[in-house]
There are 2 protein chains.
Amino acid sequence: MSSTTSRHVDDLSVVKSVSLASALVREIERLILTGELEPGSRINEIHLANRFGTSRGPIREATRSLEAKGLVEVVRNRGVFVRRLSTEEAVEIYDVRSALFGQAGRLLAEHMTDEILARLTGFITDMDKLAESGEFDAYYPVNLAFHSFIVDSAGNKTLAAEYRRFVDKLHLFRARSLVQGGGLAVSNREHREMVDALASGDGERAFITHWRHVDRAKKRLLASIDPPPRRLSS
Amino acid sequence: MSSTTSRHVDDLSVVKSVSLASALVREIERLILTGELEPGSRINEIHLANRFGTSRGPIREATRSLEAKGLVEVVRNRGVFVRRLSTEEAVEIYDVRSALFGQAGRLLAEHMTDEILARLTGFITDMDKLAESGEFDAYYPVNLAFHSFIVDSAGNKTLAAEYRRFVDKLHLFRARSLVQGGGLAVSNREHREMVDALASGDGERAFITHWRHVDRAKKRLLASIDPPPRRLSS
DNA sequence: GATACGCCGATTGTTGACAGTATCATGCGT
DNA sequence: ACGCATGATACTGTCAACAATCGGCGTATC
C-alpha cells in the first residue's frame, strides 16, 4: 500500500470505494482548471491512460462526463479538446451566474442567522485590510471564499453546485486574469451593500445587490476586453 | 422546420456522423423522459446493449454523460439508477429555474422586436382559446412551447440549455403530473403580465414577472404536495 | 424459530485487441 | 516551385473476454 500523502502525484491507486472513472473525472478536471491542460489543446486518451496507469475505457467514461459538464468538447474521430471559451460565451456565463447568485442572495436573506452575519462581516473586514495594504494575491482567494460561503449558505444544494460549475467553467476563458481583477475597494463596497441587504432580511433587495455585483463584474470584463469604440491606433 | 418525422424505433444504425455514445445519450434520455425507464429503476447495461445492438462500452459512456447531466445516479458495483427526485430537490430546481427564467425575461425585454411580440401574443391567444374550451391536453404543449420560445429568444444559448436541462430534470419528480396542473386561466393571466413587461422593454419588470411566474408554480406545487397540516386519515 | 455464515448466480469494472478514420509526409506531375 | 494524389501513421470507435464485487438463498447452529 502506498503511503498516500495528499501530494498530487498522478496516482489514484488508493481509491477503491469510488469508481475509477469518477476519480479520473476529478483528476482531469484538476488538470484543466490548473491550466496544465490548456484550453484548445487535445487530450490524448492513450497518454492519459498511461499517465494514470489505467486503460482507455475509464478515461473515455471520464471525458464523456466532462463533456456533459461543458469542460471539454468531443469531436468524432478527432478526439476530445479542452473547451475554449469565446468572449460571447464568457458573457453568457456571467448572465447565468448573476441570475444564480442573485437567487442565492434572495434565499439566504430569507433565513439569515447571527452566526452567518458574523461570518459575512468577518470576510469583509478581512478583505478591507487586504485591499488597503494592496495585497492583491491574498485578496482574491478570500473574495472567492466569500462568494462560496454565500452560495453554500443559501440552503439550495442544486443552486450551489450549478453556480460552482459556472465559476469553474469561466477558468476556460482565455483572458481569465481579467476576470479576477476589477477594483478591490470598489468590489468590497458592493460586498457591504450585499451584506447589508442580507442582514435586512429583504429578499428582493438582496437579490438586486447580488445580481448587480456579478453584472458589474461582467461589464468590467466587457469594458477591458472590448474597449469602447475608441480610435485604437490607425 | 423539422421535416424529420423520426419514428422512434430502437435503431440508430443511420447515424455515423455522430458518435454512437452521443446517439445513445439521446435515446436513453428519451426512455427516461417518456417514463419508459421509471425513476428509481435500475438500468441494466447488457439489456440496453442488446436492445440497441451495441456493446456495453458506448452504453457506459452514455450513462456517465447522463450522470453528469443529473438524470441518473451511478453506484459502484451496483449499477446505474434513474434519478428519483425528492420534494426538496424539486423545490430546489424550481428556485434555479425561476432565476434562469427571470434572467431570460430580462434579456429578452432588452432586445424585443415586433416579430417576437407577435409570436408571443399569438401563443397567448391560442392558450386563451384552449383554456376556455377546457382542452387541457392541448394547452400544456402550447404552454411549454411558449416558455421555450421566450428562453430561446433571449439570445443566450448557455442560459437556454441550462433552463431546458432543469425542465427535463423535473420530469424525474414522482408527482410530475402535479407540475403540469395549476390553473389554466390563472397561468395565462400571468403570461399576459409577462408579455406586457417584455413589450415595455423594461428589463427589471420583465425579470420580476417571469421570476414570479415560476415561483408561483413552485408554491402551487408545494401547496398540493405538502398539504397544510390537516388531519389526514388517522 | 431466529440468526449467522457461506456459496452461487448475476452484473458491473476493467482490460487488450481489432477496425475505421483523419492527419501528415512523401513523391509525382505540371 | 507549387499543387495534388497517395501512402504511412497515429489515434479514436467499438467490441468481446476476463476479473472483481454484490445481493440472494439455502443451510447450519444456537
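Me: What makes the pair formed by B:R42 and a phosphate oxygen of DNA strand C a polar contact?
Reply: An N or O atom in the side chain of B:R42 is 2.8 Å from that phosphate oxygen. A polar contact is a pair of N or O atoms within 3.5 Å, so this pair counts. For B:R60 the distance is 2.4 Å, and for A:R78 it's 3.4 Å. Bear in mind that this is a predicted model, where local features need pLDDT of at least 70 and side-chain atom pairs count only at pLDDT 80 or more. Side-chain values use heavy atoms, without hydrogens and water.

Me: Why are helix 1 and helix 2 of chain A called roughly perpendicular?
Reply: Their axes come within 12 Å and cross at roughly 110°. Angles from 65 to 115 degrees count as roughly perpendicular (under 35 is roughly parallel, over 145 roughly antiparallel, the rest oblique), so helix 1 of chain A is roughly perpendicular to helix 2 of chain A.

Me: Which residues make that contact?
Reply: With contact meaning heavy atoms within 4.5 Å, helix 1 of chain A brings A:L24, A:E27, A:I28 and A:L31, while helix 2 of chain A brings A:L48, A:R51 and A:F52.

Notes:
Residues numbered from 1 in each chain as written. Chains lettered and ligands numbered in written order. Axes fitted to C-alpha atoms, helices over the stretch in contact; angles between N-to-C directions. Helix = DSSP H or I, 4+ residues; strand = E, 2+ residues; numbered from the N terminus. Polar contact = N/O pair within 3.5 Å; in protein donor to acceptor, adjacent residues only side chain to side chain.
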